Amino acid sequence: MVLTDFSVNSGAVFTEAIGNDRLDLLTDYPFTRLANLLAPITPRANVSPILLTVGEPQHTPPAILEETLRATASGWNKYPPVGGTPEFRAAVGDWLTRRYDLPAGLLHADSSVLPLSGTREALFMLALLAVPTQKAGRQPAVLMPNPFYAPYEGAAVMAGAEPVFLSATRETGFLPDLDALTPELLERTALFYLCTPANPQGAAATPAYLAKAIGLARQYGFVLAVDECYAEIWLDAPPVGALQVAAGLHKTNGPHADGKPWANLLVFHSLSKRSSAAGLRSGFVAGDPALIGRFSRLRSYGCAGMPLPVLAASTALWRDEAHVEDNRVAYRAKFAAAEAELGGRYGYYRPAGGFFLWLEVGNGEEAAKRLWAEGAVRVLPGAYLSRNNPGEPNPGDAFIRVALVQDADTVAQACASIVRILG
Ligand SMILES: Cc1ncc(COP(=O)(O)O)c(C=O)c1O
């Protein structure tokens with residue numbers, strides 16, 4: 001096959017496909033689509049742009065980050081091990097045990113934790129780990145909420161699975177309806193991505209919901225990947241975590257399958273939001289030691305380990321809570337500012353967690369264009385985070401996602417513009 005025409009900047013345009021044609025099943029990435037949508041529009045003069053699209057917190061990261069990087073700079077010339085350092089794993093194990101009130105000693109960090117250079121790459125690579133050639137004699141399915149974090153779909157498609165989009169609307173509590181999953185679908189499910197608190201809607205799964213999801217994973221033999229990267233950005237109460245629920249099931253039901261409390265389960269956590277350190281590229285995956293072992297083996301082929309200074313800085317950050325509480329105080333102020341300006345318009349609700357407004361504005365794309373043109377406020381159309389199921393409306397069409405990543409005054413200014421422009 002010959003590459004005859006492509007453009008790097010405007011999203012790849014292949015007139016004749018080269019290589020893996022699964023890539024052509026994906027749309028452009030949401031932010032590429034947004035850039036294309038807004039490129040022809042010049043915002044009104046004399047207004048400073050307010051960027052509320054990417055979930056990239058603009059808070060200053062805590063000083064211990066830079067201090068630790070400087071103190072451990074001798075590590076930059078070493079290839080780091082895929083499994084990280086014992087200190088990193090211990091800090092994560094201690095944090096998980098504290099945060100989720102796990103019984104002491106239940107989580108063995110050395111066999112249940114892997115460092116990740118940000119969770120995005122591992123959420124993507126997970127599909128290569130979890131999707132077999134066939135399941136129940138058919139093409140495997142990868143389940144995900146709809147709307148969803150775009151890498152889930154990319155991962156499913158590139159691993160050769162069928163992505164199955166489970167509507168997560170106001171009617172379903174903004175999480176997929178687990179009772180609607182048929183045995184036929186579950187039998188060929190290889191992987192289920194859940195996100196709690198959810199991006200973009202901020203809904204948090206209850207213990208009963210997570211218990212049901214874990215039970216289904218075990219009953220039907222699939223991997224349950226719970227993306228908890230917003231777990232530390234909460235407004236009123238810390239959202240429950242999947243490991244916490246699994247530990248509870250372990251206690252009540254007795255050990256699952258020969259004493260495996262984390263069977264079929266992986267959770268993903270990140271410092272990008274918790275510590276406002278998206279550029280550090282630091283997260284971890286934890287859970288089922290059998291899956292972690294296989295993931296480590298796969299990652300030895302396909303990943304660079306986390307650099308030693310980054311491991312040290314991450315260790316320090318997972319051991320510190322003060323900066324995380326400061327972050328939560330800042331987000332609460334931003335939600336208060338947004339709430340005051342929006343006054344219940346566009347179906348505003350106070351989410352359980354995360355830092356997004358998910359606003360129902362009629363037509364998300366049109367709203368994004370008008371907000372950029374008339375107010376220099378940049379937001380993401382909800383439809384860029386969701387897909388159409390045949391015969392169903394796209395659950396993101398009527399929405400915009402507004403990331404509260406700027407300070408409270410800027411959030412207030414942006415929300416005032418939204419009300420002025422959209423009415
Ligand atoms: C739902 C969700 N999961 C995972 C990530 C990835 O975060 P990172 O790769 O920075 O850890 C993001 C980032 O925006 C996200 O929104």
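User: Where is Trp-234 placed?
Analyst: Trp-234 lies in the loop between β6 (223–227) and α9 (242–253); helices (H or I, at least four residues) and strands (E, at least two) are DSSP runs, numbered from the N terminus. This is a predicted model, where local features need pLDDT of at least 70, side-chain atom pairs count only at pLDDT 80 or more, and totals for chains, interfaces and linings use all residues. Residues are numbered from 1 along each chain as its sequence is written, and side-chain values use heavy atoms, leaving out hydrogens and water.

User: What is the mean pLDDT of the chain?
Analyst: pLDDT is the predictor's confidence in each residue, from 0 to 100. Here the chain's mean is 93, and 95% of its residues reach 70 or more.

User: Is Trp-234 buried or exposed?
Analyst: Buried means under 20% relative accessible area, exposed over 50%, and partly exposed in between (1.4 Å probe, protein chains only). Trp-234 has 13%, so this residue is buried.

User: Which residues is Trp-234 in contact with, leaving aside neighbours within four places in sequence?
Analyst: Contact means heavy atoms within 4.5 Å. Trp-234 touches Arg-99, Pro-239, Arg-328, Arg-332, Ala-352 and Gly-353 in this way. Ala-352 is 118 residues away from Trp-234 in sequence, yet their C-alpha atoms are 6.0 Å apart.

User: How do helices α5 and α11 cross?
Analyst: Two packed helices are described by the angle between their axes and the distance between the axes. The axes of α5 (residues 119–130) and α11 (residues 289–302) come within 10 Å and cross at roughly 105 degrees. Axes are lines fitted to C-alpha atoms, for helices over the stretch in contact, with angles from 0 to 180 degrees between N-to-C directions. Angles of 65 to 115 degrees count as roughly perpendicular, so α5 and α11 are roughly perpendicular to each other.

Definitions and conventions. Parallel < 35°, antiparallel > 145°, perpendicular 65-115°, else oblique.
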